[in-house]
Amino acid sequence: MLDSLLGSVLSTVTSTFSITSFLMCTLASLVLGAVIAAAHMFRGTYTKSFVVTLALLPAVVQMVIMLVNGNLGAGVAVAGAFSLVRFRSAPGTAKEICSIFLAMAVGLATGMGYLGVAALFTAILCLVSVAYTLTGFGEGKQAEKDLKITIPESLDYTGMFEDLFDRYTRSHELLSVRTTDMGSLYKLHYRIVLKDVSKEKEFMDELRCRNGNLEISCGRVAVSREDL
């Protein structure tokens, strides 16, 4: 019973594609997957596990497509199985999601035998991605900062820094106020947009004169993310 089952499966697979075509498609998938992974790593943040997975994903998708071979029932079953993966994955950034879709598209193309199309599509998308990264496409033009100011509890922070904000910033917004050091200090959290980044030190020096030279921090706006 087992021999006949394996024999029928193997005969179906070998009638669909030869070993030579399988090896060519797999090699193309691995090479293109490595190219996609390299493009994803270019001037970006990543983890080794995600990059390795990205390099192998086209070969995995290619194998699935070659085995399905136009079988509608098998295709629906495979799609349902892949949809379960998202419940065990952390939400990723837009760049990570785009790289995953690119790897899957390449795997679909190589699985159907369109190696030239897959290579051309990978080259175009990776070159465009690198070009966007080099040119700073989509980056914000304004110098948005997170400003945190510590003041003693005796000072009334309402309107205390308004003249300085008007002089050095295009816009400012008080996000939060909290007490610290057993209530003896207040920490003010502002979101500001500087008029001139070169005057940031001058701005902070004037703030220090107002808050009694207590702690002040001014840095990039934090972006929360989770790695896949």
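Modeller: Buried, as used here, means under 20% relative accessible area, exposed means over 50%, and partly exposed lies in between. The model is a predicted one.

Colleague: What percentage of the 228 residues count as buried?
Modeller: The cut-off is under 20% relative accessible area. Applied to the 228 residues of the chain, it gives a buried share of 27%.

Colleague: In what order do the helices and strands run from the N terminus?
Modeller: The chain holds eight helices and four strands. Read from the N terminus on, the order is α-α-α-α-α-α-β-α-β-β-α-β.

Colleague: What share of the contacts with a separation of 6 or more joins residues 24 or more positions apart?
Modeller: A contact here needs heavy atoms within 4.5 Å. Among contacts with a separation of 6 or more, residues 24 or more positions apart supply 74%.

Colleague: At what angle do helix 3 and helix 5 pack?
Modeller: Helix 3 covers residues 48-68, and helix 5 covers residues 94-111. Their axes are 7 Å apart, and the packing angle is about 35°.

Colleague: Is that crossing of helix 3 and helix 5 left-handed or right-handed?
Modeller: Residues of the contact include Leu54, Leu57, Val61 and Ile65 of helix 3. Helix 5 brings Ile100, Ala103, Met104 and Leu108, among others. The hand of the crossing of helix 3 and helix 5 is right-handed.

Colleague: Is aspartate 146 buried or exposed?
Modeller: Aspartate 146 sits in strand 1, residues 143-152. Its relative accessibility is 11%, and the cut-off is under 20%, so aspartate 146 is buried.

Colleague: Which side chain makes a polar contact with the side chain of aspartate 146?
Modeller: A polar contact needs N or O atoms within 3.5 Å. The side chain of aspartate 146 meets that limit at 3.2 Å, and its partner is the side chain of histidine 189.

Colleague: Which residues does glutamate 200 touch, leaving out those up to four places away in sequence?
Modeller: Glutamate 200 belongs to helix 8. It is buried, because its relative accessible area is 17%. With residues up to four places away left out, glutamate 200 touches Lys145, Leu194 and Cys218.

Colleague: Which backbone oxygen does the side chain of lysine 195 reach?
Modeller: Lysine 195 lies in the loop between strand 3 and helix 8. At 43% relative accessibility, lysine 195 is partly exposed. Beyond four places in sequence, it touches Asp166, Arg167, Tyr168, Thr169 and Arg170. At 2.9 Å, its side chain reaches the backbone oxygen of aspartate 166.

Colleague: How far apart are the C-alpha atoms of lysine 195 and arginine 167?
Modeller: Along the chain, lysine 195 and arginine 167 are 28 residues apart.

Colleague: What kind of ring pair do tyrosine 157 and tyrosine 186 form?
Modeller: The count is five aromatic pairs. In this one, the ring centres are 6.1 Å apart and the planes are at 55°. Stacked needs under 30 degrees and edge-to-face over 60, so the pair of tyrosine 157 and tyrosine 186 is tilted.

Colleague: How many residues apart are tyrosine 157 and tyrosine 186?
Modeller: Tyrosine 157 lies in the loop between strand 1 and helix 7, and tyrosine 186 lies in strand 3. Tyrosine 157 is partly exposed at 25%. Tyrosine 186 is also partly exposed at 25%. Their pair links distant parts of the chain, with a separation of 29 residues.

Colleague: Which parts does the pair of tyrosine 168 and phenylalanine 203 tie together?
Modeller: The ring centres of tyrosine 168 and phenylalanine 203 are 5.2 Å apart, with planes at 40°, so this pair is tilted. Both residues are buried. They are 35 residues apart in sequence, and the pair ties together helix 7 and helix 8.

Colleague: Which residues do ring pairs link into a cluster?
Modeller: Rings pair when their centres lie within 6.5 Å. The cluster linked by ring pairs consists of Phe161, Phe165, Tyr168, Tyr190 and Phe203.

Colleague: What is the phi of arginine 43?
Modeller: Most residues other than glycine have a negative phi. Arginine 43 lies in the loop between helix 2 and helix 3. It is exposed, with a relative accessible area of 61%. Though not a glycine, arginine 43 has a positive phi of about 50°.

Terms used:
Residues numbered from 1 in each chain as written. Predicted model: local features only at pLDDT ≥ 70, side-chain atom pairs only at ≥ 80, totals over all residues. Heavy atoms only, no water. Axes fitted to C-alpha atoms, helices over the stretch in contact; angles between N-to-C directions. Helix = DSSP H or I, 4+ residues; strand = E, 2+ residues; numbered from the N terminus. Left-handed = near helix turned anticlockwise from the far one by under 90°. Buried < 20%, exposed > 50% of the residue type's maximum accessible area, 1.4 Å probe, protein only. Polar contact = N/O pair within 3.5 Å; in protein donor to acceptor, adjacent residues only side chain to side chain. Phe/Tyr/Trp six-rings, centres within 6.5 Å; stacked < 30°, edge-to-face > 60°.
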